[in-house]
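Please look over the structure below before reading on.

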Number of protein chains: 2
Amino acid sequence: MSIKPIGDTLVPMTTLDQLYAPIADDLAIVEDTLSLVAQSDFLPLEAMLNQVLSRGGKRLRPAISLLCGGFGDYDADTQIPLAASIELLHTATLVHDDVIDSADTRRGHVTANATFGNPASVMLGDYMFAHAAELVARTGHIGVIRLFADTLMVMAKGELAQDVSAFDADSGTMRDYYRRIHGKTASLFATAGAGGAMMSACDAQTIDSLREYGRSIGMAFQIVDDILDFCGTEEQLGKPVGGDLSAGTLTLPAIVLMEDNPDDNPINRFLDAREENGRGEFLDQALEAARQPSIVERCMETVEQWRNRGLDALHAAPTNGPREQLTAIAEFVTQRDF
Amino acid sequence: MSIKPIGDTLVPMTTLDQLYAPIADDLAIVEDTLSLVAQSDFLPLEAMLNQVLSRGGKRLRPAISLLCGGFGDYDADTQIPLAASIELLHTATLVHDDVIDSADTRRGHVTANATFGNPASVMLGDYMFAHAAELVARTGHIGVIRLFADTLMVMAKGELAQDVSAFDADSGTMRDYYRRIHGKTASLFATAGAGGAMMSACDAQTIDSLREYGRSIGMAFQIVDDILDFCGTEEQLGKPVGGDLSAGTLTLPAIVLMEDNPDDNPINRFLDAREENGRGEFLDQALEAARQPSIVERCMETVEQWRNRGLDALHAAPTNGPREQLTAIAEFVTQRDF
């Protein structure tokens, strides 16, 4: 274990394997379930599923879901399909996001749309949504099934909000930003927390606490991602740096910069210049300005606020659950390198 | 009522309003439900939903679902959300199909992708899938919810099969064709039949009969659609004639022509020529050959076979249900003008 400062506290850095230890067996079955999803009697589909499902990933969402199931009557037979369903839904949204963004790579891997084209990738995503719905239906829990459907509605709305607000300076407010990242990311983390607890028949207050925990951690997670998009390296990100702003998506570093200099700032100059030549130069200036240490620091303070909000919610949950692991996950998502 | 010959029988032409009379009230509530789906607190989404949901349509699938509910303990509180869910799922697949086909018009109306662009339309379809899932979850019937998810998987696979087989002469077999149109169309008709019956707690044999009725009528419906794509007018179709073949999709008229002339036929010449100049000329020749009366007649015989198979299945269902209306629907879908 290494110690890495975050804000004014020192927290132990653990590996995900350590955090996941209490649920390691069931998380392995989640992996098996996802491998089964990748099997199909239709070979072109199987090839596509294998490409997008074999990349692993941190499996944060299914881990949160399984851990939150530990606050009540944990039944692996329903918790595992739910956790697998949440991860599959997440992966399906990535497939459609990459179509929408015309992304060629994600986390260093070639995207489905780059390999198989947009039409096939739209259908691949649809198939994965359907399979995720089938997995969650296996739980037999109508409340969780409805939560799942609601979450997909919120996520699609969040992505749509991002799409329609591209290059719109008016979308550069904290309120709009929080709404967008709640939709595209935090809502599924919230569902992981609430869904696991609902499946275990926790009381309403526990469910609400774990939903709020998931939501807050999801907000922190996405803000970290958004900071990294400015401050990371292409190698770290597995995709070009500055992709969000380049696509006209205003995220926290850009918004902080805009709020600091409402009348004249390089973000607005980039947005205004988008239709003209010389846009690349404005982009470089905007990226440079948004990755100033003072801006990044303020963004990190926001991450800490969301993390703390998540931890407060967690502390309101009963002590019988795996609060220690969930605390460590909250630290983990806020400790990626800058 | 007019009389129109089909094959060697004469059947009365009725209007859909007459066929739908026994379920008119509940079908009106299905319409209201779809209108509510189009409402959203997010205005850009509301505009998109209104465009794709306000076009009406024949509502064949929800009508079949409601009618099949009449074979058992019909409860409007669950039959209506199921019927609305099926129609919404259908509309959502059209939105994604139009993205995939880069279609500008559908049934004479401008498509969502033509108005709002591909990225927003992918998300619009996702939102509609999610809302359809939410509607079916309201029924509380796990079996029907799983059937719904399975159907979306089959449909996505069918569309994918169509996409990957484009311009592939080897896909020009009856077996492949039936598999594709089962996936993209007949599976949802089958689900309308089986779903309505399951919701009404019909016995397994009745459910199977009504599934087979729906599936067969769906096959007939799609084959008629595919014949019209060759033989209709642009005005009738609301889109350019010959669109299927032009996109490399081999449908029944093309397949019959290929089977008649395995060694040399205009379809193969078009497929082979696709990468070269002069493709348009080959397309015209292929369209001309496939709309010969002898070809169309044999395609119509296939339609009749599927219709008869559907009617046979219907006759195996109990006499207490609205068999008369379902018989008339079977005639209706096979009687579109050629």
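## Helix α5 of chain B

α5(B) is followed by Ser102(B), whose phi is positive, near 50 degrees. Helices here are DSSP runs of H or I with at least four residues, strands are runs of E with at least two, and both are numbered from the N terminus. This is a predicted model: local features need pLDDT of at least 70, side-chain atom pairs count only at pLDDT 80 or more, and totals for chains, interfaces and linings use all residues. Residues are numbered from 1 along each chain as written, chains are lettered from A and ligands numbered from 1 in the order written, and side-chain values use heavy atoms, without hydrogens and water.

At 1.5 Å a residue, the 26 residues of α5(B) (residues 76-101) should span 38 Å; the expected span is 1.5 Å times one less than the number of residues. The end C-alpha atoms are 37 Å apart, which agrees. At the start of α5(B), a side-chain oxygen of Asp75(B) comes within 3.0 Å of the backbone nitrogen of Asp77(B). α5(B) is mostly covered, with 23 of its 26 residues buried. Buried means under 20% relative accessible area, exposed over 50%, and partly exposed in between (1.4 Å probe, protein chains only).

## Symmetry of the chains

Chain A superposes on chain B by a rotation of 180 degrees with 0.0 Å of shift along its axis (RMSD 0.0 Å). The same surface serves both: 100% of the contact residues of chain A recur in chain B. Contact means heavy atoms within 4.5 Å.

## Crossing helices

In chain B, the axes of α10(B) (residues 204-231) and α13(B) (residues 252-260) come within 8 Å and cross at roughly 80 degrees. Axes are lines fitted to C-alpha atoms, for helices over the stretch in contact; angles run from 0 to 180 degrees between N-to-C directions. That makes α10(B) roughly perpendicular to α13(B). Angles of 65 to 115 degrees count as roughly perpendicular, under 35 as roughly parallel, over 145 as roughly antiparallel and the rest as oblique. Ile223(B), Asp226(B), Ile227(B) and Phe230(B) of α10(B) make the contact with Leu252(B), Pro253(B) and Ala254(B) of α13(B).

## A buried phenylalanine

Phe189(A) lies in α9(A) (residues 174-199). Phe189(A) is buried, with a relative accessible area of 0%. Its contacts include Leu60(A), Ile64(A), Gly214(A) and Phe221(A), not counting residues up to four places away in sequence.

Note on methods:
Polar contact = N/O pair within 3.5 Å; in protein donor to acceptor, adjacent residues only side chain to side chain. Least-squares fit on C-alpha atoms with pLDDT ≥ 70 in both.
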